[in-house]
Amino acid sequence: MRFMRAPKPVFAILIVIMLILSGVSIFIGAGDMSWDNPNALQILMISRLPRTAAIILTGVSTAITGVIMQLLVRNKFVEPGTTGTTEAAMIGLLIVAAWMPGWPVFAKMTFAALCALIGLGIFFALARRLPAEQPLLIPLVGLIYGGILGAVATFVAYQADLMQYLGIWLTGEFSGILAGRYELLWIAGALALVTYAVADQFTIVGLGKETSLSLGLKYGQVTAIGVGAVAISSSLVVVTVGVIPFIGLVVPNIVSRAMGDNLRESLPIVACLGAVALLSADILGRVLRYPYEIPAGTVFGVIGAVVFLWLLLGRRSHA
């Protein structure tokens, strides 16, 4: 299988770690999972398995959207959370919650994805106007742009008396995940497979527009696929679990430093490491103040900030 072109020992180790952490995640919680509990199977099927599946799908999709963004923008310091994409998706959700509350979940997700797509398009337009020799300007402008969209989202939420919803979406956590409330994330998983199918083309896109066109690549088509995948996956994650910071930033950078930017080889590692990182953060958040929980987004926000500073200040190990 082409999927196994990633370095087999590393890939195998990450798969084993992910399976071990999945087992730990299933059996950690306030609910009694002992064999003599008649409700143990119901807890497993309704809560624990869906939660673990949601964590894995979120970690995989968030890490992959981060690496796509970095290739499209040609900048290692961007992800959907630092380009205004998640804030644009939240604005879409707030508009739907305020004025179209009766819409089905899929329609709400579609509108949020459309808003994320518009927000991402505006960021690309801004990024193209920035000088290429100043790479730190792009994430800086992205943070400012995201802050403006966040202020708009806060204003809309305040006017519509939806501040509690905004607070939920800003804090990525999995305690409310149950069967029937996470299945949209499988769409994000499917988009991850689509991304792998065109991974070679995304690698070429990362070389720049002129180089891509000279190699015969349909640059606009591949870029549209990447932008659409980022917008849809980001809106799905926000709708289902909220904002998960730093996964899409630090995981692709770690893998890139170790393996380079050949997406065909590195994407499976990026996906598995994203899932492992988020599983670890969720488990840590569930045991630190057991039986209470610290949101996984908060836990990884602290860890991810430290790792990002290390990546930013440390020496680059991959030539």
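Helices (H or I, at least four residues) and strands (E, at least two) are taken here as DSSP runs, numbered from the N terminus. By that count, the chain has 13 helices and zero strands. Its radius of gyration, taken over C-alpha atoms, is 19 Å, close to the 20 Å that the globule rule gives for 319 residues, so the chain is as compact as a globular protein of that length. The rule itself is 2.2 Å times the number of residues to the power 0.38. This is a predicted model, in which local features need pLDDT of at least 70 and side-chain atom pairs count only at pLDDT 80 or more, while totals for chains, interfaces and linings use all residues. Residues are numbered from 1 along each chain as its sequence is written, and side-chain values use heavy atoms, with hydrogens and water left out.

Along the principal axes, the C-alpha atoms fill a box of roughly 65 × 55 × 35 Å. Buried means under 20% relative accessible area, exposed over 50%, and partly exposed in between (1.4 Å probe, protein chains only); 49% of the 319 residues count as buried. As for contacts (heavy atoms within 4.5 Å), among those between residues at least 6 apart in sequence, 75% join residues at least 24 apart.

Now to one helix in particular. Helix α5, residues 137–159, has 23 residues and reaches 33 Å from its first C-alpha to its last, close to the 33 Å expected at 1.5 Å a residue; the expected span is 1.5 Å times one less than the number of residues. Its buried residues include Ile138, Gly142, Tyr145, Leu149, Ala153 and Val156. An α-helix has 3.6 residues a turn, so residues three or four places apart point the same way. What covers the buried residues of α5 includes α2 (40–73), α3 (85–99), α4 (105–128) and α6 (163–170). After α5 comes Asp161, with a positive phi near 60°.

Ser266 sits in helix α12, residues 263–287, and counts as buried at 4% relative accessibility. Leaving aside residues up to four places away in sequence, Ser266 touches Val255, Met259 and Gly260. Val198, by contrast, is found in the loop between α7 (185–197) and α8 (199–205). Val198 is buried too, with a relative accessible area of 16%. From C-alpha to C-alpha, Val198 and Pro101 are 37 Å apart in space, and they are 97 residues apart in sequence.
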